[in-house]
Amino acid sequence: MNRLTHFAAFVVLGVQVPLATEAADGAGPAVHFAAGQTTTQLRGSVQGDADATFVVDARAGQTLSATLSAKSASLNFNISAPGAMEALFIGSLQGADARVLLPADGLYRVQVYLVRSAARRNERAAFTLQLGVNGQPLPPLAGAQDALVPGTRFHATATVPCRMPGSAADAQCQAGVIRRGRDGTATVELRGAANDMARTLLFMQGKPVASDSAQPLSASRQGDVTTVRVGNDERYELPDALLTGG
């Protein structure tokens, strides 16, 4: 179940969140870690259609881990990336333990919810959620190292051949790159012109290693172009110059 939160209807029942404040976008408790710690444990419960969403501020290149413990077999959790239209981890398909490499900087959402049949019966279930963020972030190159495109967060933009999710035809996508090194380490954000779908990819040393989708990632090379595939339907053709700056 690739469930996305309707944040306006967000409800948390009895959640205990240590060192937490409300997220800036009002999406739920923003989880903080105690000094010197990289993990924390959260306890709460959900009932019916209500879901508990926790917000974790993390950076590209770090790893977000999450483990859900509950007596009820009807509980699942998803993880979604900043601004994503789908989950990058789907607990109903991938299990109760997540360890995901993060493609971008920003607020990641961990959503605990009941499966549809249990929600319809208005069941209530308690849970414990272990969350952690580990690893060194990959900071963007400073403007003095690589100038930004005026008015954007990107070091460069381009139009690239692509096939976006939900499309049966090849098209052109707008690509923006946040370079995190001169070796092809970068976050690439892609957006389709026709359906406004978006995709975020993380490259390390020129190789795609993570995305904001739960679909498998693969790549091939031809000349100076890397073709990235997400699942069976998506494809993006990215030149080396976009990643490295020339």
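Ile79 in this predicted model is in contact, once its neighbours within four places in sequence are left aside, with Leu64, Ala66, Ala87, Leu88, Phe89, Ala98, Val100, Arg109 and Val110. Together with Leu129, Ile79 has the most contacts inside the largest nonpolar core, a set of 31 residues. At least two residues of this core are supplied by each of β4 (39-47), β5, β6 (63-69), β7, β9 (97-101), β10 (106-114), α2 (116-120) and β11, and the largest share, 5 residues, comes from β11. Apart from this core lies another, of 18 residues, which includes Val177, Leu190, Phe203 and Leu238.

A search of the whole structure for aromatic pairs finds 2, and their geometry is set out below.

| Pair | Centre to centre | Angle between planes | Arrangement |
|---|---|---|---|
| Phe54 and Phe127 | 6.3 Å | 70° | edge-to-face |
| Phe77 and Phe89 | 5.2 Å | 20° | stacked |

The edge-to-face pair is formed by Phe54 and Phe127; because Phe54 lies in strand β5 (residues 52-58) and Phe127 in strand β11 (residues 124-134), this pair ties together parts that are 73 residues apart in sequence. Phe54 and Phe127 are both buried.

For Phe77 and Phe89, the planes stand at 20°, and the pair therefore counts as stacked. Phe77 belongs to strand β7 (residues 75-80) and Phe89 to strand β8 (residues 89-90), so that this pair, too, links distant parts of the chain, here 12 residues apart. Phe77 and Phe89 are likewise buried, and Phe89 is also one of the residues in contact with Ile79.

Key: Residues are numbered from 1 along each chain as its sequence is written. This is a predicted model: local features need pLDDT of at least 70, side-chain atom pairs count only at pLDDT 80 or more; totals for chains, interfaces and linings use all residues. Side-chain values use heavy atoms; hydrogens and water are left out. Rings of Phe, Tyr and Trp (its six-membered ring) pair if their centres lie within 6.5 Å; planes under 30 degrees apart count as stacked, over 60 as edge-to-face and the rest as tilted. Helices (H or I, at least four residues) and strands (E, at least two) are DSSP runs, numbered from the N terminus. Buried means under 20% relative accessible area, exposed over 50%, partly exposed in between (1.4 Å probe, protein chains only). A nonpolar core is a set of buried Ala, Val, Leu, Ile, Met, Phe, Trp, Tyr and Cys residues joined through side-chain atoms within 4.5 Å. Contact means heavy atoms within 4.5 Å.
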